[in-house]
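The sequence and the model are shown here for reference.

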Amino acid sequence: MCVHQHEHRIVDFAGVESGWRSVVGLEIHAQIQSMSKLFSASATKYGSPINTQVSFFDAALPGTLPVLNRECVAAGVLTALALNCHVNQVSKFDRKHYFYADLPAGYQITQQRQPLAVGGEVDYMTVEPNRKLPPTQRKVRLIQLQLEQDSGKSLHDPTGHISLIDLNRAGVGLMEIVTEPDFNNGEDAAAFVKELQLILQTLGTCDGKMAEGSLRVDANISVHRPGEPLGVKSEVKNINSTRGVAKAINFEIKRHISELEAGREIVNETRSFESHSGKTVAMRDKERLIDYRFMPEPNLPPLHVYSTVPDQTRPQVILIDQVQATMPELPAQTRSRLQEQYGLSLSVVLTLINERMVSYFETVMKEKTRDAKSVANLLVNELLGQLNSLSRTFPDSPISTEQFGELYDMFQRREVSFDIVRKVLGEMSLHPDSNPRRIVTANDWFQIQDVDRLTPACEEAVQQQQRSVEEYKRGNYKSIRRLVNHVQRNMEHRADPVVVIQILKNLMD
């Protein structure tokens with residue numbers, strides 16, 4: 001679906017370049033997480049062998065008819081409610097005609113005239129690229145949410161100069177979510193896509209795996225001078241990562257500005273984003289596209305959803321109130337609750353939510369003696385870092401909440417130092433069946449608290465760090481950190497810093 005920017009009110013933001021305003025709207029296609037396709041009983045499992053999940057209807061054999069999947073409709077209604085949309089009690093399906101090899105019927109069943117839901121708005125958090133400013137909350141308005149079929153997939157063999165077709169994806173249910181052009185740059189749009197991804201994953205209506213194509217973004221971009229009419233827009237299709245969304249939009253904004261300042265015109269065209277180069281390339285000129293020839297879908301009656309049961313003998317109907325009752329806690333609500341309940345900073349809360357760490361964190365925090373800020377700090381700065389170095393996401397963490405909790409308790413009781421915690425997390429990341437206490441015992445990593453063992457190292461530090469000692473005696477108490485670091489190096493980072501500091505103070509008094 002194309003969004004014509006001149007039809008909507010524009011939120012005026014500063015563009016990337018001085019003297020220009022950029023306007024960005026998004027069309028997002030989210031594959032519905034269901035066992036079967038939108039209009040057939042074919043399975044929807046990702047990665048299945050090519051053309052093994054294709055029914056006669058998916059292949060557009062003559063005489064086959066669509067049968068609407070109730071599960072997909074319920075997912076659409078739940079998503080619409082979460083996005084604060086108005087759910088239409090009557091919506092209709094249409095045929096959108098175009099001729100691609102991966103669209104066997106020659107048309108797509110969609111909802112052009114009367115979509116499932118209209119309106120809506122979403123609050124989301126955006127972080128400045130340089131992270132010098134705190135996260136800020138913004139709002140985007142939505143135009144509509146509609147149900148439609150996905151197409152198949154073309155597989156290109158450049159060496160053999162042929163293209164093959166995989167119809168496994170053909171007919172998978174999609175929710176197309178169209179925003180107003182309320183964004184002004186790539187980071188802004190990417191932040192919303194991340195929020196939407198979190199909402200869909202929380203609802204369970206889409207797995208949000210952009211790398212697998214289950215969440216794809218089309219961006220409409222234009223620029224203009226303040227006070228002048230909106231510029232000609234270009235559309236970048238099928239962006240498959242949040243980072244790609246930011247890069248593609250920012251590249252297009254700069255390209256538009258560069259072209260206009262050079263005296264050239266912007267062509268209304270469709271482009272694709274090349275992730276390896278960070279650039280967009282032209283696909284086709286929109287002005288030469290044929291008419292889609294929308295027409296009502298003759299094989300599907302209007303779709304009705306209800307607030308109350310119209311007929312007790314029709315249990316298959318979708319009840320909006322019942323769907324609303326299944327609504328889980330949404331990311332925005334989770335952000336507020338974590339800040340209030342645990343006293344965490346917004347930046348830490350955003351990381352916990354964005355990296356899908358909340359359930360893990362709250363399971364660890366069931367032990368009431370644990371400090372929330374300290375636990376969150378270890379999770380965000382240490383465990384997440386270990387997983388990132390192994391190219392693993394947090395939900396795939398091999399370290400259980402029991403293992404992490406035991407290690408944290410050892411740290412809290414000062415049995416191990418912070419540096420040792422980092423080492424143990426690294427060991428458990430590589431050896432998931434290991435136990436933190438056994439690792440510490442086997443390597444003799446327990447923190448040294450014996451004054452007699454620590455005193456010689458402290459005396460050496462005082463003797464070799466005379467400048468730091470003098471600074472400390474003049475009132476620069478932070479200089480004691482250099483002495484502590486000296487001791488830790490000599491003691492292989494096993495010295496208890498609390499005991500070390502007390503010994504050093506006694507030596508310098």
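## Surface and basis of the model

The protein chain has an accessible surface of about 25,100 Å², and 50% of that area belongs to carbon and sulfur atoms; accessible areas come from the Shrake-Rupley method with a 1.4 Å probe, and for residues only the protein chains shown count as cover. The model is predicted, so that local features need pLDDT of at least 70 and side-chain atom pairs count only at pLDDT 80 or more, whereas totals for chains, interfaces and linings use all residues. Residues are numbered from 1 along each chain as its sequence is written, and side-chain values use heavy atoms, with hydrogens and water left out.

## Overall make-up

Along the principal axes, the C-alpha atoms of the protein chain fill a box of roughly 90 × 65 × 55 Å. The chain has 15 helices and 18 strands, where helices (H or I, at least four residues) and strands (E, at least two) are DSSP runs numbered from the N terminus. Of its 509 residues, 49% count as buried, a term that means under 20% relative accessible area, with exposed set at over 50% and partly exposed in between (1.4 Å probe, protein chains only).

Among contacts with a separation of 6 or more in the protein chain, 67% come from residues 24 or more positions apart, a contact being heavy atoms within 4.5 Å. The chain carries 58 positive and 63 negative side chains, and the centres of these two sets lie 2 Å apart; Lys and Arg count as positive and Asp and Glu as negative, while His and the chain ends are not counted. The place of a charge is taken as NZ of Lys, CZ of Arg, CG of Asp or CD of Glu.

## Helix 1

Helix 1 (residues 70–82) has 13 residues and reaches 19 Å from its first C-alpha to its last, close to the 18 Å expected at 1.5 Å a residue, the expected span being 1.5 Å times one less than the number of residues. Because eleven of the 13 residues are buried, helix 1 is largely enclosed by the rest of the structure; among them are Cys72, Val73, Gly76 and Leu81.

At the start of helix 1, a side-chain oxygen of Asn69 comes to within 2.9 Å of the backbone nitrogen of Glu71. The residue that follows helix 1 is Asn84, whose phi is positive, near 65°.

## Two buried polar residues in strands

Asp218 lies in strand 12 (residues 215–224) and counts as buried, since its relative accessibility is 1%. Its side chain makes a polar contact with the side chain of Lys237 (3.1 Å), a polar contact being a pair of N or O atoms within 3.5 Å, of which, within protein, one must be able to donate a hydrogen and the other to accept it, with residues adjacent in sequence counting only if both atoms are side-chain atoms. A polar atom of the Asp218 side chain also lies 2.8 Å from the backbone nitrogen of Asn238. Leaving aside neighbours within four places in sequence, the contacts of Asp218 include Gly25, Leu26 and His29.

Gln144, in strand 8 (residues 136–149), is buried with a relative accessible area of 8%. The side chains of Gln144 and Gln146 make a polar contact (2.3 Å).

## Phe446 in a loop

Phe446 is placed in the loop between helix 11 (436–443) and helix 12 (451–464), and at 26% relative accessibility it counts as partly exposed. Not counting residues up to four places away in sequence, Phe446 touches Met410, Glu415, Arg437, Val440, Thr441 and Arg494. Phe446 and Ser417 are 29 residues apart in sequence and 7.9 Å apart in space, C-alpha to C-alpha.
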